[in-house]
Amino acid sequence: MATNMRGLTQFIADIRGARVRELEEKRINKEMANIRKRFKDGNLDGYQKKKYVAKVIFTYILGYKVDIGHMEAVNLISSSKYSEKQIGYLAVTLLMHENSDFLRLVVNSIRKDLNDNNEIHNCLALHAIANVGSREMAEALSEDVHRLLISPTSENFVRKKAALTLLRLYRKHPDVIPVQEWALRIVSIMDDPDLGVVLCVTSLILALAQDHPEAFAISYQKAVDRLNRLVVEHEYAATYAYYKVPIPWLQVKLLRLLQTYPPSDDPTLQVMLQVVLQTIMNNCNEPSRNVQHNNAQHAVLFEAINLAIHIDTNSPLVNTAAVLLARFISSKETNVRYLGLDTMAHLAARTDNLGAIKKHQGTIIISLRDKDISVRRRALDLLYSMCDVDNSELIVGELLRYLKVADYGLREEMVLKIAILTEKYASTYKWYVDTILELLSAAGDHVGEEVWYRVVQIVTNTEDLQAYAAKVVFEYLKSPSSHESLVKVGGYILGEYGHLIANEPGYSPIEQFQVLHSKSQFCMAPTRALLLSTYIKWVNVFPEIKPQLVNVFERYRHVLDVDLQQRACEFYALALRPEEDELLQNVCEEIPPFPPRESALLNRLNKKNAESEDKRPWAHSGNGTLERQPSKMMKKPTLIDTNGHGSNSTGDISQDIASIPRLTAGPNVDRWFDKLAYTADGVLYEDVQIQIGIKSRYQGPVGQVAVYIGNKMSAPLTSFTTALHTEENEALSASFVKIAPSTLAPRTQIQQIVQVECKKVFRKPPILVVSFLAGAHQAIAVRLPIVISKFLEGVKLGPTDFFERWKLIGGPPREAQSIFPISLDATGHIDLAKQRQVVSGHGFQILEGIDPNPSNLVGAGIVHTAVDGKVGCLLRLEPNKEAKLSRITIRSTSEDVASEVQKLVQKPLAAEPSGPGEKRTT
Amino acid sequence: MVRLRGEVHRLVAPRDQKYQSNFVEFRNHKIVYRRYAGLFFCICVDANDNELAYLEAIHLFVEVLDSFFDNVCELDLVFNFYKVYAILDEVFLAGEIEETSKDVVLARLEQLEKLE
């Protein structure tokens with residue numbers, strides 16, 4: 001891009017020199033005419049084309065319509081010179097609309113550049129896709145972009161741009177991207193040594209994981225690991241420190257990624273994350289004078305607080321955070337006040353304990369009068385989400401007072417919020433009616449239809465409210481100017497319930513009529529129509545004012561508005577029917593209660609604001625509709641509960657049914673596992689690339705399993721990741737003590753310790769998943785040999801004790817028994833040694849001298865579980881040489897233990913099955 | 001585009017530098033902006049995006065411009081608008097921040113400058 005274009009510089013200078021708009025236009029028209037002619041004549045060299053197209057672009061940027069240069073731009077793209085290509089691509093991305101026909105012409109050129117050996121060309125092509133990204137491009141090119149992202153030969157620049165280009169294509173055309181298929185390979189890039197690459201791919205994953213949390217589940221531990229390396233270990237290239245803060249943008253992305261998942265139950269990750277968050281909070285205690293440093297630090301801090309709130313609102317971390325936030329909301333710096341209020345609103349929406357926030361109610365209310373509307377909005381959101389039964393009168397009162405002076409832009413939202421809070425936390429009918437009517441009269445034009453509909457619904461459904469509402473609305477109507485929505489509510493309520501107060505002085509039918517009708521002339525046709533309906537109801541209940549009412553109908557029979565005229569005619573006819581006629585009465589039956597329905601107000605508020613990709617569970621949908629998630633504690637019943645607002649659509653994405661990884665199959669996989677079920681150490685898995693070995697010890701209900709993973713190759717395994725899946729989380733916990741390093745050097749071995757605790761009887765051993773990059777992305781998934789008998793410890797019993805217990809436990813279901821074929825050893829005898837090895841390997845104490853038959857075995861033991869306590873277990877094994885069969889009997893105080901142990905002990909003793917189907921069955 | 005630009009300008013320009021934040025709501029989004037003398041740099045982000053991260057991204061971008069043009073001024077940006085786009089493509093892409101190391105970006109720009 002070195003060569004400056006003199007003609008362009010002159011053109012720009014001329015335009016800047018133009019004193020008035022007309023001169024500028026004149027200059028531009030002249031230039032465009034000249035360029036059009038040059039293009040028409042053809043025969044331009046690359047430099048000339050570039051120069052003219054650049055002038056066209058500049059004209060376009062100024063805001064002029066341009067209709068030339070498209071073809072020349074397409075030509076420039078195919079140039080081999082960078083500067084010409086760059087201008088060509090710039091023109092394509094700026095001048096061409098996403099659906100332009102010209103874009104079809106460039107798809108092939110872009111593909112050519114994507115596949116070029118020159119990485120600079122790859123990058124230009126990626127920029128174009130990332131900036132325009134039409135559907136056609138997505139369909140034709142996403143495979144190529146993905147290839148550039150994962151190819152080991154791609155330069156870092158190409159990979160960064162490919163990741164973000166893919167993100168753009170996914171956001172625009174999600175259906176084109178085979179996310180599931182690509183997920184693991186993409187996640188593995190999070191381990192890349194280049195932080196720029198990690199940042200881009202994390203942005204990509206953040207978007208993909210919102211829609212496909214399961215497929216990207218492993219990104220959770222990678223994010224924790226990376227944060228730990230950045231924040232705690234200070235492991236990053238110096239150039240990625242921004243004013244001494246390690247790559248704050250990446251930290252923010254990672255902290256957000258963690259908020260898209262339910263909190264992890266892996267203790268190692270929990271502790272690690274705890275330390276990370278604590279460190280981030282501590283870092284902020286050293287204020288600096290540098291604006292950039294502070295901003296970067298706070299960017300990370302606020303995200304960390306959000307994550308801490310997401311994980312557990314009752315944690316000490318959140319307490320620390322609450323103290324910080326309190327300081328922030330009265331900060332001198334506007335940005336900090338803004339963010340403090342914003343984050344506090346998040347906390348208020350999530351916590352069960354509003355106490356800490358309520359302490360600052362005064363400060364927050366003052367923020368409603370901040371000099372900055374952005375801050376005022378945040379204060380409004382916060383007041384909305386911190387409102388509960390105890391402070392609702394105060395907060396709603398403040399909001400009402402503020403409403404009268406609030407910015408016009410804020411009022412509609414305020415009205416909705418006040419209406420919702422009033423309804424939700426009303427403690428007396430009187431308060432509800434007073435407040436909502438004051439709202440209607442104060443807010444005037446900013447009251448959406450939903451608000452007064454809702455008032456009518458509630459009054460109709462709440463009998464105790466009706467007379468009082470009628471009186472209050474009547475008083476409001478008496479004031480000289482009342483807003484139209486108040487007239488509507490008044491018309492409706494007096495029509496239905498005016499008769500309830502008609503006998504009291506000052507509320508007589510004629511007074512009601514006069515007050516209401518005096519408003520009619522200031523109202524729009526729909527309101528007048530509503531008033532006509534009120535009058536026909538009154539004809540029914542207030543015969544004394546019938547002449548006046550009929551008079552109104554008569555006059556309205558001649559108005560031009562069709563709806564009004566029709567109503568008037570019908571009502572007129574209805575009113576003049578003979579008195580004994582029942583039609584009028586039937587028509588004017590009292591309105592039945594409305595069926596329970598969701599508040600239209602909430603829908604309105606949510607609709608107003610929803611437009612974001614962010615699907616974090618708590619995400620404020622748009623500008624702060626922090627709907628308080630009803631907490632268990634606060635659920636005091638409120639008076640007005642006519643309509644079910646139990647609609648908690650705040651989606652919880654905790655997907656407990658974690659998908660089980662597909663197990664790696666292989667001829668020896670089962671054999672290795674079965675052997676390790678009754679031995680402590682040995683090989684669990686081996687192939688040409690890696691070997692996995694096990695060493696284990698158990699004590700009571702806990703155990704420690706050392707997993708040794710060796711790289712057998714002469715190349716390193718990168719993006720090396722280990723993960724555990726337990727299917728019975730309440731019964732068995734298993735977790736790594738630390739996260740594995742992300743690279744496994746050639747011909748080396750690492751040791752990963754798994755802590756195990758047996759809480760209850762379980763059946764399914766945890767699954768170990770080892771994944772890595774070696775050419776392609778690969779994953780090995782095998783079950784760890786952690787079975788219930790690992791928690792069995794032998795006990796010595798004498799014959800009397802043994803038989804007593806044996807009898808006490810008794811037969812099925814606490815007995816599990818089976819007869820199975822055995823094979824004899826080389827000499828044709830029962831393999832007694834193996835038999836003893838298996839039985840004692842499973843933890844039994846072999847008891848001698850109880851069974852007189854020397855081939856038979858008797859054993860006893862106790863299974864230790866942390867939650868369900870100890871479970872006794874007795875064994876008897878009776879092999880028969882002649883029949884080549886053996887009988888196993890297990891008796892246990894837990895039937896689950898009996899059946900499980902019986903299967904485990906029998907497995908290695910049974911003869912190789914003749915048919916494949918028999919193997920796992922008993 | 002021109003209309004959008006005008007709308008954002010009207011929203012941001014009158015705001016007070018000292019007493020008002022660098023964030024302002026715009027339709028269903030937020031504008032994060034920073035003022036350098038007479039120049040405003042504005043980014044439109046989602047309502048839930050991290051404001052400060054974008055505020056500093058602006059500063060990073062300005063620092064890159066400043067180094068590249070050696071004490072950047074408005075004229076540099078106008079006369080070299082196509083280079084500004086090229087620089088933009090190195091710092092932001094697809095609406096996300098792409099590279100945050102000034103050294104990496106500047107080295108890359110230097111490499112591109114040398115190309116024909």
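Reader: Buried means under 20% relative accessible area, exposed means over 50%, and partly exposed lies in between (1.4 Å probe, protein chains only). With that settled, is Phe820(A) buried or exposed?

Author: Phe820(A) is buried, since its relative accessible area is 1%. Bear in mind that this is a predicted model, where local features need pLDDT of at least 70, side-chain atom pairs count only at pLDDT 80 or more, and totals for chains, interfaces and linings use all residues. Residues are numbered from 1 along each chain as its sequence is written, chains are lettered from A and ligands numbered from 1 in the order in which they are written, and side-chain values use heavy atoms, with hydrogens and water left out.

Reader: Okay, and which strand is Phe820(A) in?

Author: Phe820(A) belongs to strand 12 of chain A, which covers residues 815-821. Helices (H or I, at least four residues) and strands (E, at least two) are DSSP runs, numbered from the N terminus. In sequence, Phe820(A) and Val905(A) are 85 residues apart, while their C-alpha atoms are 12 Å apart in space.

Reader: What about Ile709(A), where is that one found?

Author: Ile709(A) sits in strand 5 of chain A, residues 702-711, and counts as buried with a relative accessible area of 0%. Along the chain, Ile709(A) and Gln691(A) are 18 residues apart, and 5.7 Å separates their C-alpha atoms.

Reader: And Tyr243(A), which loop holds it?

Author: Tyr243(A) is in the loop of chain A between strand 1 (241-242) and strand 2 (245-246). Its relative accessible area is 28%, so Tyr243(A) is partly exposed. From Tyr243(A) to Val291(A) the separation is 48 residues in sequence, and 9.4 Å in space from C-alpha to C-alpha.

Reader: New topic: how many salt bridges are there in the whole structure?

Author: A search over all chains finds 62 salt bridges, where a salt bridge is a side-chain nitrogen of Lys or Arg within 4 Å of a carboxyl oxygen of Asp or Glu.

Reader: Why would such side chains pair up at all?

Author: Side chains of opposite charge can pair when their charged atoms come close.

Reader: Then which residue does Asp14(A) meet in a salt bridge?

Author: The side chain of Asp14(A) meets that of Arg27(A), with 2.8 Å from N to O. This pair links distant parts of the chain, with Asp14(A) in helix 1 (residues 6-17) and Arg27(A) in helix 2 (residues 21-41) of chain A, 13 residues apart. Asp14(A) is partly exposed, at a relative accessible area of 28%, whereas Arg27(A) is buried, at 18%.

Reader: What does Glu25(A) pair with?

Author: Glu25(A) forms a salt bridge with Arg21(A), and the closest N and O atoms are 3.2 Å apart. The two residues are 4 residues apart in helix 2 of chain A, which means that about one helical turn separates Glu25(A) and Arg21(A). Glu25(A) is partly exposed at 33% relative accessibility, and Arg21(A) is partly exposed at 48%.

Reader: And are Asp381(A) and Arg378(A) buried or exposed?

Author: Both Asp381(A) and Arg378(A) are buried, and they form a salt bridge whose closest N and O atoms are 2.8 Å apart. Both lie in helix 20 (residues 373-386) of chain A, 3 residues apart, which is about one turn of the helix.

Reader: Which residues are in a network with that pair?

Author: A network of salt bridges links Asp342(A), Arg377(A), Arg378(A), Asp381(A), Glu413(A), Lys417(A) and Glu25(B).

Reader: Switching to the backbone, where is there a cis peptide bond?

Author: A cis peptide bond joins Pro812(A) and Pro813(A), with omega at about 10°. Pro813(A) is placed in the loop between helix 34 (799-809) and strand 12 of chain A.

Reader: What is the phi of Lys884(A)?

Author: Lys884(A) has a positive phi of about 55°, although it is not a glycine. Lys884(A) lies in the loop of chain A between strand 15 (869-880) and strand 16 (885-892), and it is partly exposed at 44% relative accessibility.

Reader: And the phi of Asp70(B)?

Author: Asp70(B), not a glycine either, has a positive phi of about 55°. The loop between helix 2 (51-68) and helix 3 (74-79) of chain B holds Asp70(B), which is exposed with a relative accessible area of 65%.
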